[in-house]
Amino acid sequence: MVRAKIRKTFYWHKVAKLLLEHGLMPKDINIILKRVFPQANINGRHIGAYKRRLIDDGLLVKNLPKTISVNEGMHMVEGLLGAEDQFIYNCVIGSQKRTLKCYEYKLTLLTVEADDDIEGWLRQINGD
Amino acid sequence: MSSRRVLEANVAEKVKQIAFYRKHIENYGEEDRYADIVNSYRDIITQLNRDIQEIKEEYRATETLKYSKDDVSLSPDGVSKEKDMSDESETYRDDVGGMPESSVLAEDRSPRDVDAYTVKREFRELFEDEYRDIRFELDLEDWTNLANYDNENGPYIGELVVEEEPELVIDDSIIGKLKASVDIPEEFKFSNDMTFYTMLRNVFRGKNILVTGPSGCGKSSLGKILASITNKPFYSFNFGDTMNPSAKILGDTKFSKEEGTWFKPSRFVSAITDNSGAFIMLDEITRDRTGDLANILMPVLDGQKSLALDESEDADVVSLNDGAFFYATANIGREYLGCAHDLDRAWKDRFCGGLYELDYLPQQKEQELLELRVPKIKPLAAKRITEFARKIRGLYSEEELNVAVSTRMCLTAAELVVDGMKLVDALKHTVLPFYPVQAGDDTERVKVLQAIQSMGD
């Protein structure tokens, strides 16, 4: 029995595919994606990998001619961004912020502890 | 087409097949596959020799054939290439099928014993001239032709299996995208990860959800986590502290000397009209003693999605923002005496996103949570606290106790341990007051005390 190839989809894939179909390079697409997903942890390598995946799956033709400029791509994408992808982007950022908050709490706690220790030593030295 | 041309074409085709098998030998090293290939290779070579002999016979009959580099003889168990370029005028010899010594030895061996490298070497010697292109340029069409080769007319070739291309499934559903993109927060310790993603999906779709479960299992915390992750403005309304239902939901009249009497909309009205799409938590909804809040909220929660601020004909109607989402929590159970009523059937129906019945965390996850929330707790202490909680919950599920130990109680005990209290004392301090003092040796308090003492120091 042949097992189906299941491909994951990320929130930026739809936009990236559209731009790839217009022949834009991954590095240019990265610039455009930063416009709509400013805090996203995406770079040209991620987009390049996605491009290779699309070509391997036969969903994108290789060496497509460039039909739009980066500026045109930016304008086009702003109008096409779906509510679903925007929501998932917010969730990704919210989730990452929560993780950072968790570390922030631990670091603060350690700092306070160190301060308390130093104050304790100073008190001992001064004989308070 | 002359019979000679037909035979030559036949030979060419067989050579192509041999090249195909040779490629297989290079690509696959499996024993079983190798045996089939070697068998097929031997059969084809036998047939090929026969065809070459026929060609030679035909040439001999016409007496025009000269010795050339096409003069190739093959043996089933080995390939010997005989050329005598010294005398081009020499006609064909009959003993072209003579076997070299190595071939005789190979005949005694089983196909499995034939070394793959020997086979490859023989092919290399055989095809290094005119069939070079055929050997190295097998494309998809050749594979297909070989797979459909007519077994009746040609030699036996093992069954060629062309591997089926797996179906491509692109998971672009919202839950699929969420699973791929969003990490589950550390605090979310529920046993099924899918719960988290379906909850996020409900937030996006605006499908309200109701979470029920025992006190202290993390219902309200879960609401705050979801609001934080979805980056929505968070509003919380506790139903237990309701004094005036209409003032809480709609608003109240105020008086000032400058402006006289005026209407001040409630915080709830601000929440439902928030343009960012608010995350509205309705906490402890079973604790509304007036019973009016649920009725006032009915049109907000159902398809009408609106709220009339008074009962006049020209009343101001506030429409619910499309992005607003309701997250309700409730305690349902015999021990929750403050709960005025069970949930109304129609009220439950409004929460089309689903009713989630949360239970206490599994022991391992609860221990992780304690270590996360109380970073200075030692793992062993966290483990003993959660083991105690598990034991008490077991007694509760067997109906020997009326109250279970909540995660909140475990956290309180862990904080006391970190601050210097002994584990047993911390558990007594935190848990025992929940069990009434009664006379007798078999009371709930005695059972809990025994469980605490069994934890040791």
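Me: Why do α2(A) and α3(A) count as oblique to each other, and at what angle do they cross?
Reply: This is a predicted model. The axes of α2 (residues 26-36) and α3 (residues 44-56) of chain A come within 8 Å. Angles of 65 to 115 degrees count as roughly perpendicular, and over 145 as roughly antiparallel. The helices are therefore oblique to each other, crossing at roughly 120 degrees.

Me: Is the crossing of α2(A) and α3(A) left-handed or right-handed?
Reply: In α2(A), A:P26, A:K27, A:I29 and A:N30 make the contact; A:G44, A:I47, A:G48 and A:K51 meet them from α3(A). By class, this contact has 3 nonpolar, 3 polar and 2 charged residues. The way α2(A) passes α3(A) is right-handed.

Me: Which helix gives the most to the side of chain B that touches chain A?
Reply: The contact between the chains takes 24 residues from chain A and 25 from chain B. On chain B, β3, α7, α8 and α9 each supply at least two residues. With 6 residues, the top contributor is α7(B).

Me: Which residue in β3(B) stands opposite A:K8?
Reply: Strand β1 of chain A covers residues 5-8. It pairs with β3(B) in the parallel sense, over 4 bridges. Opposite A:K8 stands B:D171.

Me: What is the bridge partner of B:F255 in β7(B)?
Reply: β6(B) and β7(B) pair in the antiparallel sense over 6 bridges. A hairpin of 3 residues joins β6(B) to β7(B). Across this pairing, the partner of B:F255 is B:T261.

Note on methods: Residues are numbered from 1 along each chain as its sequence is written. Chains are lettered from A and ligands numbered from 1 in the order in which they are written. This is a predicted model: local features need pLDDT of at least 70, side-chain atom pairs count only at pLDDT 80 or more; totals for chains, interfaces and linings use all residues. Two residues are in contact if their C-beta atoms, placed from the backbone, lie within 7 Å. Two strands pair if DSSP finds at least two bridges between them. Axes are lines fitted to C-alpha atoms, for helices over the stretch in contact, and angles run from 0 to 180 degrees between N-to-C directions. Angles under 35 degrees count as roughly parallel, over 145 as roughly antiparallel, 65 to 115 as roughly perpendicular and the rest as oblique. A crossing is left-handed if the near helix is turned anticlockwise from the far one by less than a right angle, and right-handed if clockwise. Ala, Val, Leu, Ile, Met, Phe, Trp, Tyr, Cys and Pro count as nonpolar, Asp, Glu, Lys and Arg as charged, and the others, Gly among them, as polar.
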